[in-house]
Amino acid sequence: EPFSRATVSFCLQRWSEAADALPFEEAFPYFELDGKPAKEPIRLQDEGRWELPRAGTLSFTCLLPAPFEGRRRCLTAAQESRALQIASACTDSLTLSTVVAALAADFQLSGRAVRTIGRWLGSYGAAGPEL
């Protein structure tokens, strides 16, 4: 199922970003295929994805640390208002997605801002990025 594969791939990607600080066994204390312990998946470097089983039931628990304090700064109300004003000037989903990605890389957006941007993206017919 594509959604399930995307979910485990996302968790593995997040773990790989913190892999220096967290061994696989700590991040995934429960990682089983058809009820039997499974090995750490292999990352296919040339394709940028993870080699996951094509059959069976993969069950896992993913425990990742919270982002480092200060890693992404919170915007003040005025800054967020300005960011939304800039984003509202975008005329297509690609431009808006690029602006949002740039904001998200450095700043933590409020739920209100995320919902607003989500509505704008939806009005362009954007379903979100492929995982």
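This is a predicted model: local features need pLDDT of at least 70, side-chain atom pairs count only at pLDDT 80 or more; totals for chains, interfaces and linings use all residues.
Residues are numbered from 1 along each chain as its sequence is written, and side-chain values use heavy atoms, with hydrogens and water left out.

**Overall layout**

- The protein has 5 helices and 7 strands; helices (H or I, at least four residues) and strands (E, at least two) are DSSP runs, numbered from the N terminus.
- Read from the N terminus, the elements follow the order α-α-β-β-β-β-β-β-α-α-β-α.
- Of the 131 residues in the protein, 23% are buried, where buried means under 20% relative accessible area, exposed over 50%, and partly exposed in between (1.4 Å probe, protein chains only).
- Among contacts with a separation of 6 or more, 68% are between residues 24 or more positions apart; a contact means heavy atoms within 4.5 Å.

**The three-stranded sheet**

- An open sheet of 3 strands runs in the order S2-S1-S5, with antiparallel pairing; two strands pair if DSSP finds at least two bridges between them.
- Its edge strands are S2 and S5 (58-61), each of which pairs on one side only.
- S1 and S5 are joined in the antiparallel sense over 4 bridges.
- Aspartate 34 sits in the loop between strand S1 (30-33) and strand S2 (36-37), and its phi is near 55°, a positive value in a residue other than glycine.

**Helix H1**

- Helix H1 (residues 2-17) has 16 residues and should span 22 Å at 1.5 Å a residue, which agrees with the 22 Å between its end C-alpha atoms; the expected span is 1.5 Å times one less than the number of residues.
- The buried residues of H1 are Ala6, Val8, Cys11, Leu12 and Trp15, and they pack against helix H2 (24-27), strand S4 (49-51) and S5.
- Arginine 5 also lies in H1 and is partly exposed, with a relative accessible area of 24%.
- Leaving aside neighbours within four places in sequence, arginine 5 is in contact with Leu52, Pro53 and Arg54.
- The C-alpha atoms of arginine 5 and leucine 52 are 7.7 Å apart, although 47 residues separate the two along the chain.

**Aromatic rings**

- There are 8 aromatic pairs; rings of Phe, Tyr and Trp (its six-membered ring) pair if their centres lie within 6.5 Å, and planes under 30 degrees apart count as stacked, over 60 as edge-to-face and the rest as tilted.
- Phenylalanine 24 and phenylalanine 28 form a stacked pair, at 4.9 Å centre to centre with 25° between the planes.
- Phenylalanine 24 is buried at 5% relative accessible area, and phenylalanine 28 is buried at 3%.
- The ring centres of phenylalanine 31 and phenylalanine 60 are 6.3 Å apart and the planes are at 50°, so this pair is tilted.
- Phenylalanine 31 is in strand S1 and phenylalanine 60 in strand S5, so the pair ties together parts 29 residues apart in sequence.
- Ring pairs link Trp15, Phe24, Phe28, Phe31, Trp50 and Phe60 into a cluster.

**The salt bridge**

- A search of the whole structure finds 1 salt bridge, defined as a side-chain nitrogen of Lys or Arg within 4 Å of a carboxyl oxygen of Asp or Glu.
- This salt bridge joins the side chains of glutamate 80 and arginine 112 (3.2 Å, N to O).
- Glutamate 80 lies in helix H3 (residues 77-88) and arginine 112 in helix H5 (residues 111-123), so the pair ties together parts 32 residues apart in sequence.
- Glutamate 80 is buried at 8% relative accessible area, whereas arginine 112 is partly exposed at 46%.
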